[in-house]
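Let's take a walk through a protein model together.

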Amino acid sequence: VTFTNKAAQEMKQRLTIILGEEVVKNIWVGTFHNICCRILRQDIEKYKTPDNKKWCCNFVIFDQDDSLSLIKQALKHENLDEKVYPPKSIQSSISMAKNKMMDAFKFATNSKDFRTDKISRVFNTYENFLATNNALDFDDLLLMSVNLLSSSQEVLKKYSSKFKHILVDEFQDTNLSQ
(Lines give C-alpha, C1' and ligand atoms only; values in the text may rest on other atoms or scores of the structure.)
Protein backbone atom coordinates (compact mmCIF):
# COMPACT_ATOMS: atom_id res chain seq x y z
CA VAL A 1 0.00 0.00 0.00
CA THR A 2 1.34 3.42 -0.92
CA PHE A 3 0.23 7.01 -1.46
CA THR A 4 0.50 7.57 -5.21
CA ASN A 5 -0.39 5.67 -8.37
CA LYS A 6 3.16 6.26 -9.63
CA ALA A 7 4.66 4.61 -6.54
CA ALA A 8 2.21 1.69 -6.83
CA GLN A 9 3.17 1.14 -10.48
CA GLU A 10 6.85 1.17 -9.58
CA MET A 11 6.25 -1.36 -6.80
CA LYS A 12 4.41 -3.63 -9.23
CA GLN A 13 7.24 -3.40 -11.74
CA ARG A 14 9.87 -4.23 -9.12
CA LEU A 15 7.82 -7.12 -7.76
CA THR A 16 7.30 -8.47 -11.28
CA ILE A 17 11.06 -8.51 -11.85
CA ILE A 18 11.65 -10.35 -8.55
CA LEU A 19 8.63 -12.67 -8.37
CA GLY A 20 7.34 -12.93 -11.93
CA GLU A 21 4.14 -11.76 -13.55
CA GLU A 22 2.03 -14.77 -12.53
CA VAL A 23 2.72 -14.25 -8.81
CA VAL A 24 2.25 -10.48 -8.92
CA LYS A 25 -1.19 -10.88 -10.57
CA ASN A 26 -2.44 -12.24 -7.24
CA ILE A 27 -0.86 -9.55 -5.05
CA TRP A 28 -2.79 -6.41 -4.26
CA VAL A 29 -0.50 -3.44 -4.88
CA GLY A 30 -2.04 0.02 -4.91
CA THR A 31 -2.77 3.26 -3.18
CA PHE A 32 -4.76 3.39 0.05
CA HIS A 33 -7.76 4.60 -1.94
CA ASN A 34 -7.36 1.92 -4.61
CA ILE A 35 -7.11 -0.93 -2.09
CA CYS A 36 -10.06 0.39 -0.06
CA CYS A 37 -12.12 0.83 -3.21
CA ARG A 38 -11.48 -2.83 -4.13
CA ILE A 39 -12.65 -3.93 -0.69
CA LEU A 40 -15.77 -1.78 -0.88
CA ARG A 41 -16.64 -2.90 -4.43
CA GLN A 42 -16.72 -6.46 -3.12
CA ASP A 43 -18.30 -5.97 0.31
CA ILE A 44 -19.92 -2.56 0.84
CA GLU A 45 -23.37 -4.16 0.76
CA LYS A 46 -22.50 -5.82 4.09
CA TYR A 47 -22.19 -2.39 5.71
CA LYS A 48 -24.69 0.19 6.85
CA THR A 49 -24.16 3.27 8.95
CA PRO A 50 -25.63 3.56 12.45
CA ASP A 51 -28.45 5.63 10.91
CA ASN A 52 -29.06 2.90 8.27
CA LYS A 53 -27.47 4.47 5.20
CA LYS A 54 -26.48 1.80 2.67
CA TRP A 55 -24.61 1.67 -0.61
CA CYS A 56 -24.50 -0.78 -3.51
CA CYS A 57 -21.29 -2.15 -4.98
CA ASN A 58 -21.73 -0.01 -8.10
CA PHE A 59 -21.27 3.21 -6.10
CA VAL A 60 -19.77 6.25 -7.81
CA ILE A 61 -16.77 8.12 -6.47
CA PHE A 62 -17.14 11.88 -6.24
CA ASP A 63 -13.98 13.83 -6.96
CA GLN A 64 -13.15 17.17 -5.30
CA ASP A 65 -15.32 19.15 -7.74
CA ASP A 66 -18.31 16.81 -7.36
CA SER A 67 -17.90 16.96 -3.61
CA LEU A 68 -17.71 20.75 -3.61
CA SER A 69 -20.86 20.97 -5.73
CA LEU A 70 -22.70 18.70 -3.29
CA ILE A 71 -21.50 20.79 -0.34
CA LYS A 72 -22.90 23.89 -2.05
CA GLN A 73 -26.24 22.07 -2.40
CA ALA A 74 -26.08 21.11 1.29
CA LEU A 75 -25.39 24.75 2.25
CA LYS A 76 -28.38 25.86 0.21
CA HIS A 77 -30.52 23.10 1.76
CA GLU A 78 -29.51 24.32 5.23
CA ASN A 79 -30.16 27.97 4.24
CA LEU A 80 -26.59 28.98 4.99
CA ASP A 81 -24.72 31.76 3.19
CA GLU A 82 -21.66 30.67 1.19
CA LYS A 83 -19.93 33.92 2.13
CA VAL A 84 -20.22 33.09 5.83
CA TYR A 85 -19.60 29.36 5.30
CA PRO A 86 -17.21 29.08 2.33
CA PRO A 87 -17.76 25.72 0.58
CA LYS A 88 -14.02 24.95 0.28
CA SER A 89 -13.61 25.58 4.01
CA ILE A 90 -16.54 23.26 4.78
CA GLN A 91 -15.06 20.65 2.43
CA SER A 92 -11.76 20.87 4.28
CA SER A 93 -13.47 20.54 7.68
CA ILE A 94 -15.38 17.46 6.51
CA SER A 95 -12.23 15.90 5.06
CA MET A 96 -10.26 16.50 8.26
CA ALA A 97 -13.07 14.98 10.31
CA LYS A 98 -13.23 11.88 8.11
CA ASN A 99 -9.44 11.48 8.33
CA LYS A 100 -9.92 11.40 12.11
CA MET A 101 -12.54 8.65 11.65
CA MET A 102 -15.48 10.97 12.36
CA ASP A 103 -18.74 10.78 10.45
CA ALA A 104 -21.33 13.58 10.63
CA PHE A 105 -22.86 12.20 13.83
CA LYS A 106 -19.51 12.06 15.68
CA PHE A 107 -18.61 15.49 14.33
CA ALA A 108 -21.91 16.91 15.63
CA THR A 109 -21.40 15.25 19.00
CA ASN A 110 -18.04 17.04 19.31
CA SER A 111 -19.29 20.45 18.13
CA LYS A 112 -18.81 22.99 20.86
CA ASP A 113 -19.88 26.26 19.26
CA PHE A 114 -22.47 27.79 16.94
CA ARG A 115 -20.30 27.67 13.80
CA THR A 116 -19.25 24.04 14.28
CA ASP A 117 -22.88 23.13 14.90
CA LYS A 118 -23.84 24.70 11.55
CA ILE A 119 -20.98 22.87 9.81
CA SER A 120 -22.16 19.61 11.37
CA ARG A 121 -25.62 20.17 9.86
CA VAL A 122 -24.06 20.72 6.43
CA PHE A 123 -21.89 17.62 6.97
CA ASN A 124 -24.98 15.53 7.79
CA THR A 125 -26.89 16.83 4.76
CA TYR A 126 -23.83 16.22 2.57
CA GLU A 127 -23.60 12.61 3.80
CA ASN A 128 -27.32 12.12 3.14
CA PHE A 129 -26.92 13.48 -0.39
CA LEU A 130 -23.96 11.12 -1.00
CA ALA A 131 -25.96 8.12 0.19
CA THR A 132 -28.97 9.12 -1.91
CA ASN A 133 -26.69 9.21 -4.95
CA ASN A 134 -25.01 5.88 -4.05
CA ALA A 135 -21.79 7.90 -3.94
CA LEU A 136 -18.67 8.14 -1.82
CA ASP A 137 -16.01 10.82 -1.74
CA PHE A 138 -12.29 9.99 -1.57
CA ASP A 139 -12.20 10.22 2.22
CA ASP A 140 -15.17 7.85 2.44
CA LEU A 141 -13.20 5.14 0.67
CA LEU A 142 -10.90 4.93 3.69
CA LEU A 143 -13.48 5.66 6.39
CA MET A 144 -16.04 3.18 5.06
CA SER A 145 -13.43 0.45 4.66
CA VAL A 146 -12.34 0.80 8.26
CA ASN A 147 -15.97 0.91 9.43
CA LEU A 148 -16.84 -2.13 7.31
CA LEU A 149 -13.93 -4.15 8.68
CA SER A 150 -14.78 -3.03 12.22
CA SER A 151 -18.45 -3.89 12.00
CA SER A 152 -18.44 -7.16 10.05
CA GLN A 153 -16.63 -10.17 11.47
CA GLU A 154 -17.32 -12.01 8.21
CA VAL A 155 -15.55 -9.34 6.11
CA LEU A 156 -12.73 -8.97 8.62
CA LYS A 157 -12.15 -12.72 8.58
CA LYS A 158 -12.21 -12.77 4.77
CA TYR A 159 -9.41 -10.19 4.47
CA SER A 160 -7.47 -11.44 7.49
CA SER A 161 -7.20 -14.83 5.82
CA LYS A 162 -6.48 -13.30 2.41
CA PHE A 163 -3.59 -11.12 3.55
CA LYS A 164 -0.85 -12.60 5.70
CA HIS A 165 1.18 -9.39 5.56
CA ILE A 166 0.40 -5.79 4.68
CA LEU A 167 3.35 -3.61 3.75
CA VAL A 168 2.81 0.14 4.02
CA ASP A 169 5.12 2.50 2.16
CA GLU A 170 6.03 5.61 4.18
CA PHE A 171 4.07 4.35 7.19
CA GLN A 172 5.20 7.29 9.33
CA ASP A 173 3.19 9.62 7.06
CA THR A 174 -0.16 7.85 7.45
CA ASN A 175 -3.20 9.29 9.20
CA LEU A 176 -5.63 7.46 11.48
CA SER A 177 -7.95 6.19 8.75
CA GLN A 178 -5.06 4.96 6.61
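When we say that two residues touch, we mean that they have heavy atoms within 4.5 Å. Keep in mind that this is a predicted model.

Start with Tyr159, which you'll find in helix α9, residues 153-162. Leaving out residues up to four places away in sequence, Tyr159 touches Trp28, Ile39, Gln42, Asp43 and Leu149. Take Ile39: it sits 120 residues from Tyr159 in sequence, yet their C-alpha atoms are 8.7 Å apart in space. Is Tyr159 buried or exposed? Its relative accessibility is 6%, so Tyr159 counts as buried.

Now look at the rings. The whole structure holds 5 aromatic pairs. In one of them, Trp28 and Phe163 have ring centres 5.0 Å apart and planes at 70°, which makes the pair edge-to-face. This pair links distant parts of the chain, with Trp28 in the loop between α2 and α3 and Phe163 in the segment after α9, 135 residues apart. Phe163 also pairs with Tyr159: the centres are 6.2 Å apart and the planes are at 15°, so this pair is stacked. Put together, ring pairs join Trp28, Tyr159 and Phe163 into a cluster. Trp28 is buried, at 14% relative accessibility, while Phe163 is partly exposed at 23%.

Finally, turn to helices α4 and α5. They pack at an angle of about 110°, with their axes 9 Å apart, and that makes α4 roughly perpendicular to α5. Among the residues making this contact are Leu68 and Ile71 of α4 and Ile90 and Ile94 of α5. By class, the contact has 6 nonpolar, 3 polar and 2 charged residues.

Terms used. Residues are numbered from 1 along each chain as its sequence is written. This is a predicted model: local features need pLDDT of at least 70, side-chain atom pairs count only at pLDDT 80 or more; totals for chains, interfaces and linings use all residues. Side-chain values use heavy atoms; hydrogens and water are left out. Axes are lines fitted to C-alpha atoms, for helices over the stretch in contact, and angles run from 0 to 180 degrees between N-to-C directions. Helices (H or I, at least four residues) and strands (E, at least two) are DSSP runs, numbered from the N terminus. Angles under 35 degrees count as roughly parallel, over 145 as roughly antiparallel, 65 to 115 as roughly perpendicular and the rest as oblique. Ala, Val, Leu, Ile, Met, Phe, Trp, Tyr, Cys and Pro count as nonpolar, Asp, Glu, Lys and Arg as charged, and the others, Gly among them, as polar. Buried means under 20% relative accessible area, exposed over 50%, partly exposed in between (1.4 Å probe, protein chains only). Rings of Phe, Tyr and Trp (its six-membered ring) pair if their centres lie within 6.5 Å; planes under 30 degrees apart count as stacked, over 60 as edge-to-face and the rest as tilted.
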